[in-house]
Amino acid sequence: MTLLQRSDWYDVARDTNWTPSFVAEAELFPSDISDPFDMPKAAWAEYDEPYKVSYAEYVKVQREKDAGVYAVNTAAARTRFMEEAGQRWHSVLKLHFGAVCLAESSSQISEGRMARFGRAPGMRNMATFGLLDEIRHGQAQLYFAHESLRYSPQFNFAHKLLGTQEWGAIMTRSTLDDVFLGRDAVTTAIMLTFAFETGFTNMQFIGLAGDAAEAGDTSFSNLISSIQTDESRHAQIGAPLLKLMVKNGYKAEAQKAVDIGFWRTYRFFTLLTGTVIDYFMPLEKRTSSFKEFMEEWIVDQFERTLLDMGLDLPWYWDFFLEDINSFHHGMQIGWWLYRDTVWFDVPAGVSPAEREWLEAKYPGWNDSWGRLWDQIGENIRAGKTDLTVPKTLPVVCSFNNLPLVTTPGKSWDPQGQMLTYKGKKYYFQSHVEKWIFEQDPERYAAHQTLIDQFLAGKIQPPNYEGALNYMGLSPVERGKDAENYAWAFAGREPRKMAAE
Amino acid sequence: MSDLPLLVSCERDFLVHLVAVPSEARVCDLIEAAASLVVGVHLPDMPASSIRLRKIDRHEALPGDANVVDAGIEPMDWVHLFFEPASDGKPLQ
Ligand SMILES: [Fe+2]
Ligand SMILES: [Fe+2]
């Protein structure tokens, strides 16, 4: 029997926008959860997904992908890669799995929302496959993380993290809730598939896959490259939607959703990817700096995509281009100082050779961030490692939940960073976070950051140790310096060390 | 006696510390408590006499011997440590 070509039947078969007779259209697709802009049916009819696939094709391809991923993993298990990989690479994996496994799994909800409440059949189709993709991503990455448990109990945070009150977990949940779990189908398509996946997932997965291959981790590299092939398919849900919004007079609404989604996602990936690329990766394995990656993946590609679609660059673009030079350096020194509060051992990444690299990639680094590390290194060499352990919590941004940071020597911006709303004081990393908050204060005002929880008396005893327990970190799970402070002594004569 | 939770940043440092002081404390006590988190920790040692405190959105230093509440500091205010005279030219932040 000859089968029809997909192109002969797909357009007819996917057209499932039937006219409901038992309920009103508005009950079938309530605007709150479907399309808050109530765009006309004629506009929605223009939605044409760029990637067409049938269920049978999907299953066949996915099956092959999974078979490949697990086969490579089985082969790699016969090598001694993990035993010999070194603590830095283990930390990259622990960080990635903790931040990503359940986050991907949770995005089934977002895909499910688009699959049920998207107004265009093509959107619903793609999102159905997207949902199946995210089941696969959650399962495969949890499986890999679980296999690594024999190397360290910290790998358990692949599963444990998002159920804790660890500060990174609070940040992750709050970001995911805002960007893709607590949004209608239209906004989800823009913020998740366009801002988050088209904008940044590429960088995390392709960038990291390249680094993994460099580091010799073929199994992990293969796993996340395979995941990325799904991402780059279902990430295309948003673009046709944005196109029809611009064309039908909804550009302002589309632009606002892009601006908000992009910024939140940027902060999330700066913490995750910026620190790994510029500090965790062994120097000899680094391909590009975080800034170079950002310029290639985000500035060049994302910028072009936005403009091609008839949208504008987000209003804060100049500030963003500045920010990629600095914010992640603050996150890195934060990771390291507050290493007790994370589930992986933190490489400082500031040996003399690495500092030279940082200075070359970020001119002025030595004179700003470097000075902090100078003092920290001096304290370590003087045997005063207790001074490198914080005594208090850092204040975190009321919106993005990350510690407020500035480049040493650069002024804070109190005007842009503070706001009182209904009698409560809110503090922001920048005027961009403040702007987002102001767009919908009721959505954000009641959120409790770790600091809010501390002030509300939830952390007992109310001190640093109390906070570590509250965050769900047992002593064996808490991070340490990944290299036992060797970086602070690198390149120094032992005698000189003794004299200091 | 109740504690006053505050945000404290410091010239040449990179983050904002959450610090609580008793409402009976003087500004100089707050300076001492806050400086102990930064000076000699993230920054080189500085003589205590050179450290001043201001509100983050004001220029003038608060008087060291004033009570923190009388000096106008309220819960969850953001205060900033700076050095005077500046050790190398102008204050940085
Ligand atoms: Fe995914
Ligand atoms: Fe995805």
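Colleague: How many salt bridges does the structure hold over all chains?

Modeller: The structure holds 37 of them over all chains. A salt bridge here is a side-chain nitrogen of Lys or Arg within 4 Å of a carboxyl oxygen of Asp or Glu. Before we go on, a word on the source: this is a predicted model, where local features need pLDDT of at least 70 and side-chain atom pairs count only at pLDDT 80 or more, while totals for chains, interfaces and linings use all residues. Residues are numbered from 1 along each chain, chains are lettered from A in the order in which they are written, and side-chain values use heavy atoms, with hydrogens and water left out.

Colleague: What makes R443(A) and D178(A) a salt bridge?

Modeller: Their side chains meet with N and O at 2.7 Å, and the rule asks for within 4 Å. R443(A) sits in helix α21 (residues 441-444) and D178(A) in helix α9 (residues 167-181) of chain A, so the pair ties together parts that are 265 residues apart in sequence. Helices (H or I, at least four residues) and strands (E, at least two) are DSSP runs, numbered from the N terminus.

Colleague: Which label does D367(A) get, and why?

Modeller: D367(A) has a relative accessible area of 54%, so it is exposed. It meets R371(A) in a salt bridge, 3.0 Å from N to O, and R371(A), at 38%, is partly exposed.

Colleague: How do you know that K424(A) forms a salt bridge with D452(A)?

Modeller: The closest N and O atoms are 3.3 Å apart, and the cut-off is within 4 Å. This pair links distant parts of the chain: K424(A) is in strand β2 (residues 424-427) and D452(A) in helix α22 (residues 450-455) of chain A, 28 residues apart. K424(A) is partly exposed at 29%, whereas D452(A) is buried at 16%. Salt bridges with shared partners also join K65(A), D66(A), D133(A), R136(A), D230(A) and R233(A) into one network.

Colleague: Why does the radius of gyration of chain A agree with a compact globule?

Modeller: The radius is taken over C-alpha atoms, and the globule rule is 2.2 Å times the number of residues to the power 0.38. For 500 residues a compact globule would come near 23 Å, and chain A has 24 Å, so the two agree. The chain has 25 helices and 2 strands, and buried residues make up 57% of its 500 residues.

Colleague: What makes R88(A) buried?

Modeller: R88(A) has a relative accessible area of 11%, so it is buried. This residue belongs to helix α6 (residues 87-117) of chain A. Contact means heavy atoms within 4.5 Å, and leaving aside neighbours within four places in sequence, R88(A) is in contact with residues including F280(A), P347(A) and E483(A). A polar atom of its side chain lies 3.2 Å from the backbone oxygen of Y279(A).

Colleague: And A25(B), why does it count as buried?

Modeller: A25(B) has 8% relative accessible area, so it is buried. Its place is the loop between β2 and α1 (27-35) of chain B. Not counting residues up to four places away in sequence, A25(B) touches A66(B), N67(B) and V68(B).

Colleague: How many residues does each chain give to the contact between chain B and chain A?

Modeller: Chain B gives 27 residues and chain A gives 34. The two chains bury about 2500 Å² between them, 67% of it on carbon and sulfur atoms; buried area is the accessible area (1.4 Å probe) that two parts lose on being put together, summed over both.

Colleague: Which residues form a salt bridge between chain A and chain B?

Modeller: K425(A) forms one with D77(B), the closest N and O atoms being 2.8 Å apart.

Conventions. Buried means under 20% relative accessible area, exposed over 50%, partly exposed in between (1.4 Å probe, protein chains only). A polar contact is a pair of N or O atoms within 3.5 Å; within protein, one must be able to donate a hydrogen and the other to accept it, and residues adjacent in sequence count only if both atoms are side-chain atoms.
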